[in-house]
Structures are given as C-alpha cells and as structure tokens.
Amino acid sequence: GASSSSSTSTPPPPPLVAPTEDARPQLPKSVKKLLAPTAKTKQDRARLYVFRHAPNEAPNTNLFILLHGVGDSHVPFDKLARTLKLPQTATLAIHAKTLGHKLPMENFGYAWFQEMEYEEGEMYEEEDEERVASLNEVTSKLVNMIDMLKDQYPPERIFLLGYRSGAALAMNIAAERKLGGCICVCGGSALKARTEGEERTPVIILVGDQAEAYTSEEAEEHKEKYGEEAVVHVEKDKEGDDMISKPAEIRAMMEFLASKLVRAIVMPKGTYSAASAP
C-alpha cells in the first residue's frame with residue numbers, strides 16, 4: 001500500500017520536559033561578556049545582540065539563535081524571530097561585529113569569516129585554507145558560547161538559523177555540537193568529516209531552484225557530506241538568494257521545528273511537573 005510518510009503527514013509531537021527552576025532565565029554574564037565585551041548599557045548591548053524571552057510569558061524551554069549574512073546586521077533577524085513566535089522559545093539574534101571581522105570596504109559592515117580575498121576581490125573556494133581557518137575560528141567562539149549556556153539551555157534545546165554565510169557558520173557549528181536543529185537559508189557547509197557512529201544535529205537547507213550564489217546542487221552536496229540528518233528543501237521557481245518568504249519554504253521550516261522544539265508541561269496552580277515523551 002501507499003507509504004504514510006508523505007510530506008503531508010503530521011510531524012511527531014515534540015519531546016516533553018519539566019521546566020527548570022528559573023523558567024525564564026536571562027543570558028549568563030559570561031555570554032553577555034562574550035557578545036558585548038565593552039558594552040556599558042543595554043543600548044550598547046542591543047547594537048551587538050538582542051535576546052528576547054519566549055512569547056506569552058511561557059517558559060524559555062528552547063533557545064533560537066539567528067546568524068545574519070555578510071554585511072547585514074542582527075536587526076532584521078530579531079524581527080524575524082519575533083514574527084515566528086515560536087512556542088516556549090527564547091531568541092538570540094547576534095551581530096557579527098564582536099566575533100567576526102569588519103569588511104575592508106567603507107560602510108560594508110561585518111562578516112562572520114573571510115569568504116573572499118579582499119585585495120583581488122576573488123571569492124575563496126570552499127576548502128581554501130584561509131576561508132576554513134577563518135570559519136573554524138568563529139565556529140569555536142560560538143561553540144564556546146553554546147557550552148556556556150548549557151545550564152540554562154542544554155544543547156538539544158538550542159536551535160540555529162543562519163542566512164547565506166551565517167548558514168555556512170550555523171551548519172559548521174551543527175557538525176561540532178549535537179543541537180536541537182539547524183536551519184540553513186541559501187547556504188551551508190560540510191567541512192568536518194563524520195566519525196563512525198556519530199549522531200549529528202538535524203539540519204534543513206532551504207534553497208531556490210534558480211539560486212546562483214548558493215545552488216541547489218551545492219545544497220545536495222553539503223547534505224551528502226554532512227549525512228543522513230540533513231534534508232534539503234528546494235523552492236520551485238525561486239530566483240536569487242533571498243530570505244525565505246514563500247509559503248512552502250516557511251511551512252518546511254515550521255514543520256522541521258514543530259517536531260524538534262521541546263515543550264515543558266506547565267501544570268495548573270503554578271506547579272511544574274516532569275513529563276516524559278510518550
């Protein structure tokens with residue numbers, strides 16, 4: 001008969017946990033220091049990152065970290081995070097300024113890592129040692145941050161979203177730490193070879209079928225190298241490398257998250273109870 005695992009089948013319900021003692025924790029001081037080492041005020045910090053609690057006073061059971069593309073900032077990604085209203089999910093949109101580097105061209109902003117040889121204006125090949133070293137350097141800073149968060153947000157409750165070069169960074173992090181999930185929009189990376197029996201972060205790569213900067217062929221190649229935890233959603237008749245906007249792309253992302261975001265069961269009368277997944 002027909003298989004029931006069609007794309008319209010309902011995703012499995014998310015795993016259930018008990019909320020932590022402090023159901024809406026702030027970022028730890030060590031993380032604030034890492035992301036905004038010289039910030040004196042909340043406004044200073046807001047220029048470098050924005051952290052928001054889960055919507056509707058819900059517990060911060062998950063943390064969704066957003067990484068922008070080259071030359072952009074965290075601001076539109078904070079806005080995206082607010083729009084998504086993911087249940088029981090705090091959000092953290094980060095600017096590349098502190099952890100990445102300034103682009104040499106005037107007013108071009110910041111990049112997470114070095115994708116091009118600036119003198120010549122040539123893009124590096126993916127395996128080029130300059131690019132790899134630069135990508136691995138910023139990856140280790142963010143992996144370090146994820147480790148600092150483990151008391152508030154265990155790795156299986158941390159989710160990443162990256163756009164273009166932010167997606168290459170996100171997928172590189174996903175290969176270093178097993179997280180709840182990783183969404184790569186118009187970008188990806190598969191530099192780290194898998195070890196025998198290694199379990200990896202689930203990844204979805206979203207790409208347009210007519211994209212040029214990062215093609216669906218590259219996405220498939222990254223999926224193959226990364227392993228069985230990766231899936232690719234190719235959006236039909238989508239030109240360019242724009243942020244996700246089409247209903248099918250958004251649906252693919254939300255379905256991916258629906259089965260992976262963890263839910264804390266909040267009992268009535270304000271008591272918390274441990275609940276285990278069925």
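A residue is taken as buried when its relative accessible area is under 20%. In this predicted model, the buried residues of helix α7, which spans residues 216-226, are Ser216, Ala219, His222 and Tyr226. Viewed down the axis of α7, these buried residues fall within an arc of 115°, so they line one face of the helix. The face turned away from this buried side carries Glu217 and Glu224, both exposed. On the buried side, the residues of α7 pack against α6 (165-174), β11 (203-210) and β12. Just after α7, glycine 227 adopts a positive phi of about 120°.

Strand β12 comprises residues 230-239 and includes histidine 233. Histidine 233 has a relative accessibility of 18% and therefore counts as buried, the cut-off being under 20%. Apart from neighbours within four places in sequence, histidine 233 is in contact with Ile204, Ile205, Leu206, Val207, Ala248, Glu249 and Ala252. The C-alpha atoms of histidine 233 and alanine 248 are separated by 9.2 Å, and the two residues lie 15 residues apart along the chain. The side chain of histidine 233 is also joined to that of glutamate 235 by a polar contact of 2.8 Å.

Glutamate 249 is located in helix α8, which covers residues 247-258. With a relative accessibility of 1%, glutamate 249 counts as buried. When residues up to four places away in sequence are not counted, glutamate 249 touches Leu206, His233, Glu235, Lys238 and Ile244.

Definitions and conventions. Residues are numbered from 1 along each chain as its sequence is written. This is a predicted model: local features need pLDDT of at least 70, side-chain atom pairs count only at pLDDT 80 or more; totals for chains, interfaces and linings use all residues. Side-chain values use heavy atoms; hydrogens and water are left out. Helices (H or I, at least four residues) and strands (E, at least two) are DSSP runs, numbered from the N terminus. Buried means under 20% relative accessible area, exposed over 50%, partly exposed in between (1.4 Å probe, protein chains only). Contact means heavy atoms within 4.5 Å. A polar contact is a pair of N or O atoms within 3.5 Å; within protein, one must be able to donate a hydrogen and the other to accept it, and residues adjacent in sequence count only if both atoms are side-chain atoms. The arc is that of the directions from the helix axis to the C-beta atoms.
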